[in-house]
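Welcome! Please take a moment to look over the sequence and the 3D view, and then we will walk through them together.

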Protein chains: 2
Amino acid sequence: MREFSRSLPMSLLRAREAVMRQFRPSLRHHGLTEQQWRILRALTSVEAVEVTDLARLAFLLGPSLSRILRDLEARGLIERRSAEADLRRGVVSISPKGLKLIEAVAPTSEAIYAAITKRYGVRKLAELQAMLGALEESLAGLSGAEEE
Amino acid sequence: MREFSRSLPMSLLRAREAVMRQFRPSLRHHGLTEQQWRILRALTSVEAVEVTDLARLAFLLGPSLSRILRDLEARGLIERRSAEADLRRGVVSISPKGLKLIEAVAPTSEAIYAAITKRYGVRKLAELQAMLGALEESLAGLSGAEEE
DNA sequence: CCGATACGCTTAACATGTTAATCATCCCCG
DNA sequence: CGGGGATGATTAACATGTTAAGCGTATCGG
């Protein structure tokens, strides 16, 4: 069987962990987890979004998102309302307080990202991301991998 | 600020999820989670290992490993004992039952891996893994990213 | 208008990720 | 040998991942 530690899932896991290890201390210092940051970050790129769309943007599953939104709302970092045309849908937007927090964290995050980019190489980083995107697309059709 | 969805952490996360989505149904069918599989898989490559080394092999944190080992032992899939020279150290090995399970799952996993490899390309896959490894190494020194 | 069905979101339940604290054993030095 | 610090592993506490179930609202057909 394939050398376990060299499998693709492990390679991806280790690489991602190596990257996130750089960011976590700063986020933690601001009282944010990685996922909370993803959500706030995604909210800065839109005026408001429906919960389902936000889940797609932040790449979170519904249940995780529900819990985190409850917490972020309690902390006053986001605002919620219902869509007028469809009361099932929730609409979320970032609050002024949330924006302020983002602005406080962003400089450090940008600096870390810049350091990573410099170490790895701008060109190489772009190439890596292109290859990761291609991998995603390659597998898009295989999704129905069921049973033996 | 950088387009959020194109950040390196998100690219890595999505790529890994695209890959794991292929494997999870099969593992689940055999009553294994991804992490349990990683542990059993790692145990097949050695006669026995100490817990700390196993954590490194399977890329799990100590607490996660402790919980999973407790479960795997209760299910009879692994065996544990203490190192004779140092009672603090635990030594883990896969049981015959565990080996049997691995052998039942392996064919499907190998087939899925082969399908992924074929879709993406053998050469391209190797290149991707090399780039991921290089990324890890690039960041190895930065680990002390503390505060702003 | 009503009821069956679908849809959006949340809650539930269990497993893992993450950091801090705890516990037992070891090791070194006085 | 004996006590204090170091080390290996587990437990604790909280947040998220993952799948299934539940709840309220929409929608459509009769």
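Predicted model: local features only at pLDDT ≥ 70, side-chain atom pairs only at ≥ 80, totals over all residues.

Residues are numbered from 1 along each chain as its sequence is written, chains are lettered from A and ligands numbered from 1 in the order in which they are written, and side-chain values use heavy atoms, with hydrogens and water left out.

**Chain A as a whole**

- Chain A holds six helices and three strands; helices (H or I, at least four residues) and strands (E, at least two) are DSSP runs, numbered from the N terminus.
- Read from the N terminus, the order of elements in chain A is α-α-β-α-α-β-β-α-α.
- The C-alpha trace of chain A spans about 55 × 45 × 25 Å along its principal axes.
- Of the 148 residues in chain A, 45% are buried; buried means under 20% relative accessible area, exposed means over 50%, and partly exposed is in between, using a 1.4 Å probe and protein chains only.
- Among the contacts in chain A with a separation of 6 or more, 50% come from residues 24 or more positions apart; a contact means heavy atoms within 4.5 Å.
- Chain A exposes about 7,900 Å², and carbon and sulfur atoms supply 52% of that area; accessible areas come from the Shrake-Rupley method with a 1.4 Å probe, and for residues only the protein chains shown count as cover.

**Aromatic pairs**

- How many aromatic pairs does a search of the whole structure find? There are two over all chains.
- In chain A, the ring centres of A:Phe23 and A:Tyr113 are 6.5 Å apart with the planes at 50°, so this pair is tilted. Rings of Phe, Tyr and Trp (its six-membered ring) pair if their centres lie within 6.5 Å, and planes under 30 degrees apart count as stacked, over 60 as edge-to-face and the rest as tilted.
- The pair links distant parts of chain A: A:Phe23 sits in helix α1 (residues 8–29) and A:Tyr113 in helix α5 (residues 96–120), 90 residues apart.
- Both A:Phe23 and A:Tyr113 are buried.
- In chain B, the rings of B:Phe23 and B:Tyr113 have centres 6.5 Å apart and planes at 50°, so this pair is tilted.
- B:Phe23 is buried, with a relative accessible area of 9%, and B:Tyr113 counts as buried at 9% relative accessibility.

**The largest pocket**

- The largest pocket contains about 1,200 Å³ of space. On a 1 Å grid over the protein atoms alone, a pocket is an open set of points where a 1.4 Å probe fits, with protein on both sides within 12 Å along at least five of seven lines, and lining residues have an atom within 4 Å of a point. Grid points are joined across faces, edges and corners, and the volume is the space filled by probe spheres set on the points.
- Its lining has 28 residues, and those nearest the centre are A:Leu13, A:Arg16, A:Gln35, B:Leu13 and B:Arg16.
- The lining divides into 11 nonpolar, four polar and 13 charged residues; Ala, Val, Leu, Ile, Met, Phe, Trp, Tyr, Cys and Pro count as nonpolar, Asp, Glu, Lys and Arg as charged, and the others, Gly among them, as polar.

**Residues to find in chain B**

- B:Ser109 is in helix α5 of chain B and counts as buried at 8% relative accessibility.
- Not counting residues up to four places away in sequence, B:Ser109 touches B:Phe23 and B:Trp37.
- Helix α2 of chain B includes B:Glu34, and nine of the 10 residues of α2(B) are buried.
- B:Leu57, in helix α3 of chain B, counts as partly exposed at 25% relative accessibility.
- Leaving aside neighbours within four places in sequence, B:Leu57 is in contact with A:Phe4, A:Met10, B:Ala42 and B:Val49.

**Positive phi**

- Most residues other than glycine have a negative phi.
- A:Phe59 has a positive phi near 55° and lies in the loop between α3 (51–58) and α4 (62–74) of chain A.
- B:Phe59 also has a positive phi near 55° and is partly exposed, with a relative accessible area of 26%.
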